[in-house]
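Good morning, and thank you for the time at this meeting. Please bring the structure up on your screens, and I will take you through the two chains in turn.

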Amino acid sequence: MKFTRRLSLALLGGMSLVPSATLAQQDYPDRAITLVVPYGAGGTTDISARQIASMAEELLGQPIVVENQPGASGTNAMRAVAGADPDGYTLIATTSSPSFVTPALRDVGYDTLEDLVPILNYSGPYHGVVVQVDSPYESLDALIAGGKSDGVTYGTAGAMGGAHLAFAAVATQTGARLQHVPFDGAAKATAAVLGGHVDAALVPAYRDLVRDGQLRLLGVLDGSNDPDFPDVPTLKEAGLSAEFPSIVGIMAPAGTDPVIIQKLEATFTEVASSDEFKSFMTDLSQPVRIMPGAELAKTIEENLVAYREIAKDLGN
Amino acid sequence: MLVDAFFELLNLWVLVAALAGIASGIIIGAIPGLGPTMAIALLIPVTFSMEPIPAIILLLGVYQGAIFGGSISAVLLNVPGTPSSAATAIDGFAMARRGEGGRALRIALYASVAGNIFSCLVLMALAQPLARFALDFGPAEMAMLMLFALLVIVLFGGGSKLDALLMVLVGACAGIVGLDPISGTPRFTFGSFAFDNGFQLIPVLIGLFAMSEVLLQAFDRADEVSDAEMPPLKRSVVSLVELWRMRVTLLLSSVIGTFVGILPGIGSTVPAFMSYNLARARSSEAGQFGQGAPEGVAAPEAANNAVTGGALVPTLALGIPGDAVTAVILGAFMLHGLAPGPFLFRDHGLEVYAIFEALLLSSIPTVILGLLFFRVAIHVTRVQPRHLLPAITILAIFGAFSVNNSLFDVWVMLGAGVLGFLFRSSGFPLPPLLIGLILGAPFEQSLRQALLTSGGGFDIFVGSPITIGLVALIAVSLALSLVLGLRKART
């Protein structure tokens, strides 16, 4: 009696040990997945992540629970996910700032490329260089020229953000006096340029204010043109070698099984390319920009290097 | 337009949405730590399948309900459910201790409704011109306005000015911890990542007010414990005449709330305290304030509810939200195809006016639901503190954790609780500390932003009509306080 019980237990134990690795891949997911959002509930990153999660859970057959862990520009949540079990049940929907901007400036307790695996990129708002509509600056060149002669102030969403660093690089290259004025969020920087308290602002969500004739869009900080304003140049097209590519993507802790990563990449790509998701994002005034995980990793790597250089110039 | 918009509201779902929104808002507001921001964010997905108008009415009902709901726990337990109801607790709880909790709640309710109606009318009539006016407030103007607000808190708070000043400074110092707003580098974080985010308002608030109340009652139980000293519940009718006598207080508080609401980044706590201090300074019975003066309940409640309409002005007319709640509301409008911004009123005028009218009309269900809710809630005052305190402690821990899902915030809450207990038992006032924490960091940021734009010149602080006006106000209030102080010393 005793013998058989022990034997069967041993057998069971052995059986469960050997094929567990392959089973985990085939059965994945067999329980709820947590998708961490490094910002507060209700922001655009959170709303779009909740939408992509609710659409993906239908394909995966398991619920995806969105968990907000705001604070410290998203680095708290990134650090938590980087240290989570790499079993495919903890993912993060993250953005440029905690991926390659803040890590280039100081120790944040994780290395984006070593501790996390990018799965895909699905969005990323375009940041524009905007001025008041009656501003004397008609183009990026004019703004830089103004910076050389009189000095120009520009507002951004916060100190040491991607937009600030991109323009700091522009200032170094051109020798223009571009004085940064950090605000507490892009909305307040937009208000400041509308009210004429700063000469320019580097902000997203400018479309309606530009179309209404309150703001003038001089250029975009991204690597590609904003489809809403195809004629407005990127910084590079205007002859400045700086950019702030905006990403919104999903990552998993490093060491997650490649089979699981592939399954997630396929699922999220399918969802993000659907018309339903596109029309949802249009309502939210956010673009859909799909990029495979490998390409996202490359973007992050390039920018980490570029931003480290800029940060060094700034004396950080 | 207004009539067409009204017809949009003749829909059962609109009524259901308004009732559900307000009721859940009141309950969420009454629980410390759960604020309107989180409630609205979590309800947005629920509204996906709804029509735009009822969906937005539901969410705005939560916003209005939560600001009012915070006053229920403030009055009955001396535990403000939201930061903005901390001012209401001062006289509201004093009234409740006399057995007049029901009356205090009714005054809070009617004042809230008055503030709502006022700010909503302003929103309907003047959204676009006021939004342009708000843009004239740049960093220099904001810095002077916040300096004025801090002065009002210190000079006209009653009690010792030195105590109030010290507490403001303690709060401002707590606000320094975290990332430097201009250079973006960590400061006073002791190398710990947890401190990068600074001390968050909600955990500090819960600690200072809720946890310290628990500690006070636990250590100083003399007059609280026995049944015999439970005050009997008094009649709680508030007559129209009584409200009419407060008309000037209600109007001034509503104006302050609406005006501050329109400006980005100050929130609803500061105008509540400013209105309280103004009402106290104007009152012929200033000595009653703090001892349970009905106007001390009405003033902050009218102001903090009036903020809701004001805050929607730049959010809807420009697409520029002033704080976290309105940022979430902005997202909700967008998802329902009503993108806020310069085109909102042109493209979706009908829906927007229908929503505004619903906000006005929602005063009726707010009063009905509020009165129903009081009948139950008032009995909390008859529960013995020793039965209530464990529940408050659990809610405090839960509330502090839920803000950022962070255990660090729980420790901040407990630390603030001990500090609050020490300050209160040695007679220091807590409200100036709260205001210092709220305004300290933004004041520093605005000051430094202004100096960055002016190239270091201080002339920017007297460089526009608005800043000159504010500097004059600051000078007048300093002079007034000096004169009052001298006159008091002579008599």
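In chain A, A:G128 stands opposite A:V220, a residue of β9(A). The model before you is predicted: local features need pLDDT of at least 70, side-chain atom pairs count only at pLDDT 80 or more, and totals for chains, interfaces and linings use all residues; side-chain values use heavy atoms, with hydrogens and water left out. Residues are numbered from 1 along each chain as its sequence is written, while chains are lettered from A and ligands numbered from 1 in the order in which they are written.

To return to that pair, strand β5 (residues 128-132) of chain A and β9(A) are joined by five bridges and run antiparallel. Helices (H or I, at least four residues) and strands (E, at least two) are DSSP runs, numbered from the N terminus, and two strands pair if DSSP finds at least two bridges between them. Six of the six residues of strand β9 (residues 215-220) of chain A are buried, so β9(A) is largely enclosed by the rest of the structure. Here buried means under 20% relative accessible area, exposed over 50%, and partly exposed in between, with a 1.4 Å probe and protein chains only.

Next, the open sheet of chain A. Six strands form it in the order β2-β1-β3-β10-β4-β11, and the pairing is mixed. Its edge strands are β2 and β11 (291-292) of chain A, each of which pairs on one side only.

At the β2 end, strand β2 (residues 64-68) of chain A runs parallel to β1(A), and five bridges join the two. Four of the five residues of strand β1 (residues 33-37) of chain A are buried, so β1(A) is largely enclosed by the rest of the structure.

At the other end, strand β4 (residues 116-123) of chain A pairs with β11(A) in the antiparallel sense over two bridges. A:L120 stands opposite A:P292 of β11(A).

For chain A as a whole, the secondary structure comes to 13 helices and eleven strands. The C-alpha trace of chain A spans about 95 × 40 × 30 Å along its principal axes. Of its 316 residues, 55% count as buried.

Along the principal axes, the C-alpha trace of chain B spans about 60 × 60 × 50 Å. Buried residues make up 57% of the 491 residues in chain B.

B:T308 lies in helix α13 (residues 294-318) of chain B. Is B:T308 buried or exposed? B:T308 is buried, at a relative accessible area of 3%. Leaving aside residues up to four places away in sequence, B:T308 touches B:Y63, B:Q64, B:I67, B:N116 and B:S119, where contact means heavy atoms within 4.5 Å.
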